[in-house]
Amino acid sequence: MGNELVTGSDSPAATGGGNRRKPVVSRYGETFENLCGYYMSLGMSYHDYWDGDCEMARYYRDMDEKVKERQNETLWLQGLYFYEALLDASPALNGMSRKHKPLPYRKSPIPITEARSRQEEEEKNQEKLNAGMEAMKQMMAGVNQKFK
Amino acid sequence: MAKQMTFTYDGKEYTLEFTRRTVKQMEDEGFVAQDIDRKPMTLLPALFAGAFKAHHRFVKQDVIDEIYKGMPRKEELVGKLAEMYNDPIAALMEEPDEKSVKNVEWETNW
C-alpha cells in the first residue's frame with residue numbers, strides 16, 4: 001500500500017476525492033501572499049498589508065484608480081498642448097503657404113481650476129474695458145481737435 | 001476601519017480583530033474556516049482565540065477560554081467573529097463602503 005493512501009486526515013470531500021490531488025479547501029493565506037506584491041506596488045507597506053487595518057487595502061485601490069485618472073488627464077492635456085503647438089507652428093512648416101510666420105504659442109497655460117478660469121475671464125474683461133476706454137479717449141481727442 | 005469587537009474583562013479592555021497575518025497564522029496552525037459546520041465545538045473557541053492575536057497575542061489560552069465561557073449571546077458572537085474573520089479577504093475584493101463598516105460592542109454580564 002502506498003504511503004500517500006494512508007497519510008493525512010482530510011476527508012475525500014475536503015481534498016477533492018483523493019490525497020494525490022491538491023486540496024480544494026481554499027486558504028485565505030495564499031491569496032494574501034499572492035496579492036501582497038500588488039498592494040506594495042500601490043505604495044502600501046509590508047507592515048500595513050499584513051498587520052495593519054485590513055480596510056486600508058480598499059483605500060489603496062481607490063487611490064490607485066484616482067492616480068491613474070489624474071495621469072490620464074495630464075497626458076490628455078499634454079496632447080492638447082502639443083496639438084495646439086503643432087497648429088500654431090504649421091504655417092512655418094507649410095512650404096506652399098504665403099505666410100511663413102508661425103503663430104505665437106499661447107501666453108499662459110490652459111486654466112484647469114475654477115479659480116484660475118475665473119481669473120482669466122476677469123483679465124480678459126479688464127483688457128476689453130481698457131481697450132474700449134482707450135478707443136473712447138482717442139475719439140474724444142479727435143473731436144476736441146476739431147474745436148481748436 | 002476594520003471590523004473590531006471590544007469588551008472589558010476583569011478591568012482590562014480587549015479589542016478583537018483579524019489582520020491578514022493573524023488569519024494566515026491561524027490557517028498555518030490548521031484552522032480551516034470551512035470546517036466550522038462539522039466541528040463547531042473545536043473551531044468556535046479557536047476562532048475566538050485567533051481574534052486575540054492581533055492586539056493581545058500574549059494573553060494565555062486559559063484566560064481566553066475563561067473569557068469565551070463568559071461571553072453572552074454566543075450565536076450572535078460567532079456570526080460576528082465569522083464576519084470579522086472574512087474582513088481581511090473581503091477588503092481585497094470589494095469597493096470601499098463606509099456604511100457597512102461598524103464596530104460591535106460587547107458587554108459581559110458579571
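Which residues does Phe18(B) touch, not counting residues up to four places away in sequence? Select Phe18(B) and then its partners: Val23(B), Gly50(B), Ala51(B), Ala54(B), Met84(B), Tyr85(B), Asp87(B) and Pro88(B). Two residues are in contact if their C-beta atoms, placed from the backbone, lie within 7 Å.

The model is predicted: local features need pLDDT of at least 70 and side-chain atom pairs count only at pLDDT 80 or more, while totals for chains, interfaces and linings use all residues. Residues are numbered from 1 along each chain as its sequence is written, and chains are lettered from A and ligands numbered from 1 in the order in which they are written.

**Chain B as a whole**

Colour chain B by secondary structure to see four helices and three strands, in the order β-β-α-α-α-α-β along the sequence. Helices (H or I, at least four residues) and strands (E, at least two) are DSSP runs, numbered from the N terminus.

**The hairpin**

Next, select residues 5-9 and 12-16 of chain B, which are the antiparallel strands β1 and β2, joined by five bridges. Strands pair if DSSP finds at least two bridges between them. Thr6(B) has Thr15(B) in β2(B) as its bridge partner. Two residues lie between the strands of this hairpin, and Asp10(B) there has a positive phi near 55°.

**The cores**

Return to Phe18(B), which is among the residues that touch the most other members of the largest nonpolar core, a set of 15 residues. A nonpolar core is a set of buried Ala, Val, Leu, Ile, Met, Phe, Trp, Tyr and Cys residues joined through C-beta atoms within 7 Å. A residue is buried if 20 or more other C-beta atoms, placed from the backbone, lie within 10 Å of its own. The largest share of this core, three residues, comes from α4(B). A second, separate core has eight residues, including Tyr39(A), Cys54(A), Ala57(A) and Ala91(B).

**Where the chains meet**

Now show both chains: 20 residues of chain B are in contact with 18 residues of chain A. On the chain B side, α1 (20-28) and α4 (74-93) each give two or more residues, and α1(B) gives the most, with six.

**A helix of chain A**

Finally, select residues 114-147 of chain A, helix α6. How many of its 34 residues are buried? The count is zero, and α6(A) is hardly covered.

Methods: The expected span of a helix is 1.5 Å times one less than its number of residues. A residue is buried if 20 or more other C-beta atoms lie within 10 Å of its own, exposed if 12 or fewer, and partly exposed in between; C-beta atoms are placed from the backbone.
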